[in-house]
Each structure stands twice: as C-alpha cells, then as structure tokens.
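Work through the exercises below with the sequence and the 3D structure in view. Each task is followed by a solution in steps.

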Amino acid sequence: MIKVNDAFEQIYGWKAEEIVGKAIPFIPAGSKGGAESRLERVKKGEKLVAFETQDKRKDGKIIDVEITVSPIFNRDKQVVALFGISRDLTEEKETEKFLRQTDKLSLAGEMAAGIAHEIRNPLTSLNGFIQLIHEDSSRYHSYTTIMLSELNRINSIVGEFLLLAKPHDTVMKKQAFSTILNDVILLYESECILKNVVVKTQVEAPHTYICCDANQIKQVLINLLKNALEAMPSGGEIHLNVTQHTKDLTIFIKDTGVGIPSHLLTHIQKPFFTTKPSGTGLGLVVIKNILYQHKGTFEIKSTVGKGTSVTLTIPLWKEGTCQ
C-alpha cells in the first residue's frame, strides 16, 4: 500500500498509518487464488471494472465489495503501480436478500391469510360451544380443559399467520430500553421459576433510550426468551447482557440449553422451517423483519450441548429521529 483515502479506512477499518508501506491481510483465505489471478492480469495491463468479491475487515468481518482496479503506466508503458476503487456492497446485499425474502413472505402471507380466516370462523364457534359445555358440566372438565387449551394454541398459530400476512403498523417513539426489558423479564419470571431457569442480567446501560416501537421490541425479546426456555427442559441459565456503544445498543442473550446442530442454523431462519413439534417456523423470521424495520441487526450462534446465543443491535435514540 502506497496511499489510502478516508473511505478505505471506514470500509476496512485500518488507519493509513497502520498499512501504508505494508501488505495487509484483507483477502480471505478462500479468495486468495482468484485475487492473485486478477492481480497478474492487471500487472499485464488489463483494467478490471466493477467486479464483485468479498474482502476481510480489520475486525475479521467478511464484507461484500465491488472493486475496480486499473494499472498505472510509466513513460515506457510499463505497469509500475495499481490504482483500486472499492465500494462496500454489504448493506446493499443485505437489502436485496431482505427484499427477496419479503417477496416470498408476501406470497406466503397472502395464502396464509386466506387459510387463517377460513380456520378462524369455525374455530370461534367450536370455542364457544366447548366453553358452554365446560361451564355447565363438570363431568367432562378433563376433556374440555384440554380441548380449550388446544383451541387456544390453534388460535395463536393462526394469529402468527395473520401477523405474517399483515404486520402491525410500526409506531416509532423514544423509549427507555430498561423499561421494555424489565417488562419482558417480569412476564417470564414465574415460568422461569417453574422450569428451574435462572436469568442472569447485566445491564451496562441502565438509562439508554432507543427509537422504536416498544411492542415490537418486546415481541422480539419475548420470542427469544421463549426459545431459550424451550431449549432447557431440565433447567439452566439465561445470560442477558446489554451494552451501549457509540451508535447502538447491543443485547446478548445466551442459554445453556441443548444447542442447535450447525447444519440447521441457516435453515431455522427460513419461513415455516421448525424443529419444534408445535412450532410454526415464523418466530425468527418475524424477529429479523422487526429488527430490519428498526435498522438493527441479528446474529445467532449455537453449539450442540453447550447452548445458543443471539446478538441484537438497535440504534440509539437521537434528537429529531422520532417522537
């Protein structure tokens, strides 16, 4: 490297004084062959325009980039240097991926809405009649209790389909994150006691505000705590850490449950894929959609026998960003 500009520092994370005059390891191991081949072509005088590849930042994160590399010639038309322009495509790629998934969800949502409405009408009638039997006769209480419970579960599943088909309007307001978090923890307090699960919370930012729809962020946390509890049928611990950074809030949730096999980690984020007997496969899809609307991020890691961890980021509130 002879010279880099400010944009390079922002994209790749290295400061000019760290890399000028040095070779930096920004090419991932699996891409080195292709990179060397392209380098040889440019050394021979060829200009490579707007090709897409992946590079590695200083922090180790792999990013999608679009690169144009041009040879610089001397008076004798010999290549003496290379000039490169790199454009970060990571956000653009994420948006494209989200839009493709949104199209799929939109079609699935339309189908789901039609089915859900057809199910809900007779479901309401059944629920009413079973409720009457339950209240009028104690003879069948053991049966009607189970039936009402199962009907409620069906209704809950139908509700998730309808949520997929027509998400609620997002109402963005300035909210204290600690209030949202405390409400969710309080909601699960009794269930954690019953299931012998201890929630260990560490909040490094107790007075932090975010711009969000409080109900939707609660839904994200509720779904994640529910998943963590279900992963620990014999009890365990949930570690919940909240850290404030310059521009965002990081929420880290880790359980000590059974974990998820590596070959299923990518599949569980797809619509309707589930490993649970009574699951709909929509929980993580809804979470990712909500975080996308809030300009946040979602990452999940898991090791079989050691548990699962998720990391969320939500932008901090700024003056003028919302009510």
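**Exercise 1.** State in which strand Asp 255 lies, and whether Asp 255 is buried or exposed.

Solution. Step 1: Asp 255 belongs to strand E8, residues 248-255; helices (H or I, at least four residues) and strands (E, at least two) are DSSP runs, numbered from the N terminus. The model is predicted: local features need pLDDT of at least 70, side-chain atom pairs count only at pLDDT 80 or more, and totals for chains, interfaces and linings use all residues. Residues are numbered from 1 along each chain as its sequence is written, and side-chain values use heavy atoms, with hydrogens and water left out.

Step 2: Asp 255 is buried. Buried means under 20% relative accessible area, exposed over 50%, and partly exposed in between (1.4 Å probe, protein chains only).

**Exercise 2.** Find the nearest side chain of opposite charge to Asp 255, and what the side chain of Asp 255 reaches.

Solution. Step 1: Lys and Arg count as positive and Asp and Glu as negative, while His and the chain ends are not counted. Step 2: the nearest side chain of opposite charge is that of Lys 254, 6.0 Å away. Step 3: a salt bridge needs a side-chain nitrogen of Lys or Arg within 4 Å of a carboxyl oxygen of Asp or Glu, and Asp 255 has none. Step 4: the side chain of Asp 255 does reach the backbone nitrogen of Gly 257, at 2.9 Å.

Step 5: leaving out residues up to four places away in sequence, Asp 255 touches several others, among them Ala 228, Met 232, Glu 237 and Lys 306. Contact means heavy atoms within 4.5 Å.

**Exercise 3.** Describe the salt bridge between Lys 218 and Asp 183.

Solution. Step 1: the two side chains meet at 3.1 Å, N to O. Step 2: this pair links distant parts of the chain, with Lys 218 in helix H7 (residues 214-230) and Asp 183 in helix H6 (residues 177-194), 35 residues apart. Step 3: Lys 218 is partly exposed at 23% relative accessible area, and Asp 183 is partly exposed at 36%.

**Exercise 4.** Which residues are linked with Arg 87 in a network of salt bridges?

Solution. Step 1: in the bridge between Arg 87 and Glu 92, the closest N and O atoms are 3.3 Å apart. Step 2: Arg 87 is partly exposed, with a relative accessible area of 38%, and Glu 92 is partly exposed, with 37%. Step 3: the network links Glu 66, Arg 87 and Glu 92. Step 4: the whole structure has 11 salt bridges.

Technical notes
A polar contact is a pair of N or O atoms within 3.5 Å; within protein, one must be able to donate a hydrogen and the other to accept it, and residues adjacent in sequence count only if both atoms are side-chain atoms.
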